[in-house]
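Trainee: I'd like to learn how to read this model, one feature at a time. Can we take it slowly?

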Amino acid sequence: MKNQNTLFPRVAAAIGSVTLIGALAACGGGGAGSAAPGEEGGSQAAEDVTIGVAMPTQTSERWIADGEAVESQLEEAGFTVDLQFANDDIPTQQQQIDQMITKGADILIVASIDGTALGNQLQAAADQDIPIISYDRLINDTENVDFYVTFDNYNVGVQQATSLLQGLGVLDAEGEETGEEGPFAIELFAGSLDDNNAHFFWGGAMDTLEPYLDSGVLEVASGQTNIEQAATLRWSQETAQKRMEDLLTSHYSGGSDQLDGVLSPYDGISRGIITALQNAGYGKDIESGLPVTSGQDAEIASVKLIDTGVQYATIFKDTRKLATQAVEAAKAYAAGDEPEANDTESYDNGVKVVPSFLLESDIVVAENIESLLIESGYWTAEEVEAGQSK
């Protein structure tokens with residue numbers, strides 16, 4: 001653990017004339033109550049603080065939105081920002097973080113590709129007392145992560161499974177059992193095993209589905225019910241489509257062997273699954289026989305599919321709110337303080353329990369696209385109709 005008294009000398013040096021330990025005292029005589037960097041009266045000091053932001057990829061709408069939201073909010077707060085995307089390549093992300101440190105980053109915000117692959121980079125940052133904020137994906141197997149901002153990822157998994165059960169008619173819109181006994185044939189997809197969140201999503205989903213699997217309301221014809229069998233490396237749409245095609249060929253040859261639903265942890269995976277199902281003749285939409293498919297991230301292409309009855313649901317994680325929490329954590333570190341955590345128990349990275357701030361998410365189905373996504377300004381009606389962002 002870093003010594004609390006020496007944790008942030010780089011940030012203090014970057015701030016220059018401002019000493020920020022407890023009450024702030026500026027050399028110009030600001031005294032107690034003077035503004036922290038990024039707040040009213042402290043914008044010039046904030047401009048002297050450089051924040052490196054490492055995002056995993058630009059191949060996903062979600063991560064593009066995250067990067068832009070974090071960058072814009074940090075810049076609005078007055079910080080200098082070095083935003084880099086690694087295109088899902090681990091050596092590229094390692095090199096980008098190395099360069100951020102070399103170029104003098106004072107704080108790092110990191111959404112890792114592989115949560116165990118940044119040990120050397122994070123040690124180099126820790127050696128220079130650079131605070132490290134883990135963004136959405138927990139960084140594992142190191143003490144050199146100071147704070148974690150994310151959604152309640154276990155609950156996201158619960159919501160994914162709940163949406164599947166609602167789509168099948170086992171649960172109603174309020175989440176109450178309908179008495180429907182099935183049996184319904186489902187298949188299970190998980191995210192990338194090197195992403196810590198994939199395990200939380202899976203845990204929440206399987207805890208929710210298990211009673212219905214045990215009672216026979218749900219059946220998995222392939223028998224692939226552990227995360228290693230269901231995993232999708234790098235959350236790849238193409239990998240998911242190929243696995244769905246293989247499952248259909250091996251276990252759903254026609255006749256009574258019809259698939260009713262698919263647990264999918266991410267919209268890109270969902271679109272791969274749906275393509276495979278449509279190509280196999282399951283129908284163009286749910287009304288014409290397409291299995292119910294869940295999702296996550298409210299990507300605009302999938303929101304259109306939900307609006308037109310092709311994909312059943314997605315989970316909306318408002319990245320604007322997540323970016324805000326990352327910025328709040330950065331402001332706290334720039335001021336020599338600790339960020340506010342609302343969870344200090346759940347996220348053990350294998351070396352330490354990382355103090356965290358968890359946000360809530362929502363199930364999106366066709367009926368609430370307007371209220372959850374359009375009225376909040378996340379997407380416009382025109383974008384939903386087109387299935388493309390502007």
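Trainee: In β13, which residue is the bridge partner of threonine 150?

Mentor: In β13, threonine 150 has leucine 358 as its bridge partner. Before we go on, this is a predicted model, where local features need pLDDT of at least 70, side-chain atom pairs count only at pLDDT 80 or more, and totals for chains, interfaces and linings use all residues. Residues are numbered from 1 along each chain as its sequence is written, and side-chain values use heavy atoms, with hydrogens and water left out.

Trainee: How many bridges join β7 to β13, and do they run parallel or antiparallel?

Mentor: Four bridges join β7 to strand β13 (residues 356-359), and the two run parallel. Strands pair if DSSP finds at least two bridges between them; strands are DSSP runs of E with at least two residues, helices are runs of H or I with at least four, and both are numbered from the N terminus. β7 also pairs with strand β6 (residues 132-135), in the parallel sense, over three bridges. There, isoleucine 133 has phenylalanine 147 of β7 as its bridge partner.

Trainee: Which way do the side chains of β7 point?

Mentor: In a regular strand the side chains alternate between the two faces of the sheet. Here Phe147, Val149 and Phe151 point one way from β7, while Tyr148 and Thr150 point the other way.

Trainee: Why is β7 largely enclosed by the rest of the structure?

Mentor: Five of the five residues of β7 (residues 147-151) are buried, so the strand is largely enclosed. Buried means under 20% relative accessible area, exposed over 50%, and partly exposed in between (1.4 Å probe, protein chains only).

Trainee: What about empty space? What volume does the largest cavity have?

Mentor: Rolling a probe the size of a water molecule over the atoms shows where empty space is left. The largest cavity has a volume of about 40 Å³. On a 1 Å grid over the protein atoms alone, a cavity is a set of points where a 1.4 Å probe fits but cannot get out, and lining residues have an atom within 4 Å of a point. Grid points are joined across faces, edges and corners, and a volume is the space filled by probe spheres set on the points.

Trainee: Which element gives the most to the lining of the largest cavity?

Mentor: That's α7, with four residues. Among the lining residues of the largest cavity are Phe189, Phe201, Trp202 and Leu263.

Definitions and conventions. 1 Å grid on protein atoms, 1.4 Å probe; cavity = no way out; pocket = protein on both sides within 12 Å on 5 of 7 lines; lining within 4 Å.
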